[in-house]
Amino acid sequence: MKILFSTGKGGVGKSTMAAAAAWQLSRDQRVLIISLDPAHNLGDIFGVTLAGGRKRFSANLHLGEVDLQQLSKEYLKREIDVLSGSYKYLQTLNLDNYFSVLKYSPGIEEYALLTSIEATIRNEEDYDIIIFDTPPTGLTLRFLALPRVTITWIDRLIQIRRKILEKRYTIQKIRGNPEEGTLDSGIILNYNEDDDDILRRLRVLKTNYETLTSILEGRDCAIFVVFNPDLLSLRESQRLVEGLHELHLPLRLMINNKVTTDNEAMADHVEKTMLRRAEHIPVERIALHRELQSRDATKLYEIEEDIASPLLFILNNAR
Ligand SMILES: Nc1ncnc2c1ncn2[C@@H]1O[C@H](COP(=O)(O)OP(=O)(O)O)[C@@H](O)[C@H]1O
Ligand SMILES: [Mg+2]
């Protein structure tokens, strides 16, 4: 299975390009396109209502939308359930208060998005290609950075947990074995690494994030950045490209969208500047299709330029 991410500044045509790519690729591939942007417009582009769900658009093309608020809520609930299950003895500490403010803590949306991407990749094996239409740059870079950040944290937590178990072992040795009658009654805390639920969960989490990292950084994943012939979108694309580079994530195609005869000089300038940051990355030019923009003809996914072939070429030849 191949994975594509459409990225770029708001309004440059991320969703439109992702939709056009999905439509073209679905001619001979099974394609799922999912909008991760809270400001959804994927449904509008295809003229259907998605409302946070999935729909079959054609035999080979399915559309989906992620409801970020709902996702964050579910994510939080799952984590809280795990926490209260693992730390039953903390219930006396009135954790409810703590949980009720957790929803305001930074990072929840990013984790919720990442969890949903991970689940989609894991569960949707029937598709040849999954295309993710991403939220604005800042949020996108943050959730793409999460797997690596999280692995660093988990390693640290594993170390701390092992120290705790070591201390427990020491305490247990000092106290003696209760069955031998040397000890007053009391709780025996487990100190065996193999029996420790928390350590086990940390290791599972670590494996999941490592798998995700290797998928995102691997040959079957391609990120494309969409920009327009204007300086604002140029600046933001430059930041995006730098961010992706730092995160070791594969930018594989640039799309210079909404080019007209009037803005051709600017289109050249923007393209040249981008190529200085991202050498050897192919650039596709897409014209501004005014004729496809009219209100009743929501047919922008039918643009005539070929986006599928360069994407397939990239995906099949990535090293
Ligand atoms: N090549 C194009 N020709 C004409 N209109 C376009 C083109 N690409 C995008 N648009 C229009 O630009 C606007 C923003 O596009 P959209 O795909 O929603 O951007 P994003 O997802 O990046 O916010 C929409 O009104 C869309 O119809
Ligand atoms: Mg969009």
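1. Start with helices α6 and α7, which run roughly antiparallel to each other in this predicted model. The reason is the angle: α6 (residues 137-175) and α7 (residues 197-216) pack at about 155°, and angles over 145 degrees count as roughly antiparallel. Their axes sit 9 Å apart. As for handedness, the crossing of α6 and α7 is left-handed.

2. Which residues of α6 meet α7? On the α6 side you'll find L144, P147, R148, T150, I151, I154, L157, I158 and R161. Facing them from α7 are I198, L199, L202, L205, K206, Y209, E210, L212, T213 and L216.

3. Now look at α6 with another partner, helix α5 (residues 108-123). Here the axes come within 9 Å and cross at roughly 65°. The two helices are therefore roughly perpendicular to each other, since that label covers 65 to 115 degrees. The crossing of α5 and α6 is right-handed.

4. Who touches whom in this second pair? From α5, the residues are E109, E110, Y111, L113 and L114; from α6, they are L139, R142, F143 and L146. This contact divides into six nonpolar residues, no polar ones and three charged.

Notes:
Residues numbered from 1 in each chain as written. Chains lettered and ligands numbered in written order. Predicted model: local features only at pLDDT ≥ 70, side-chain atom pairs only at ≥ 80, totals over all residues. Axes fitted to C-alpha atoms, helices over the stretch in contact; angles between N-to-C directions. Helix = DSSP H or I, 4+ residues; strand = E, 2+ residues; numbered from the N terminus. Parallel < 35°, antiparallel > 145°, perpendicular 65-115°, else oblique. Left-handed = near helix turned anticlockwise from the far one by under 90°. Contact = placed C-beta atoms within 7 Å. Nonpolar A, V, L, I, M, F, W, Y, C, P; charged D, E, K, R; others polar.
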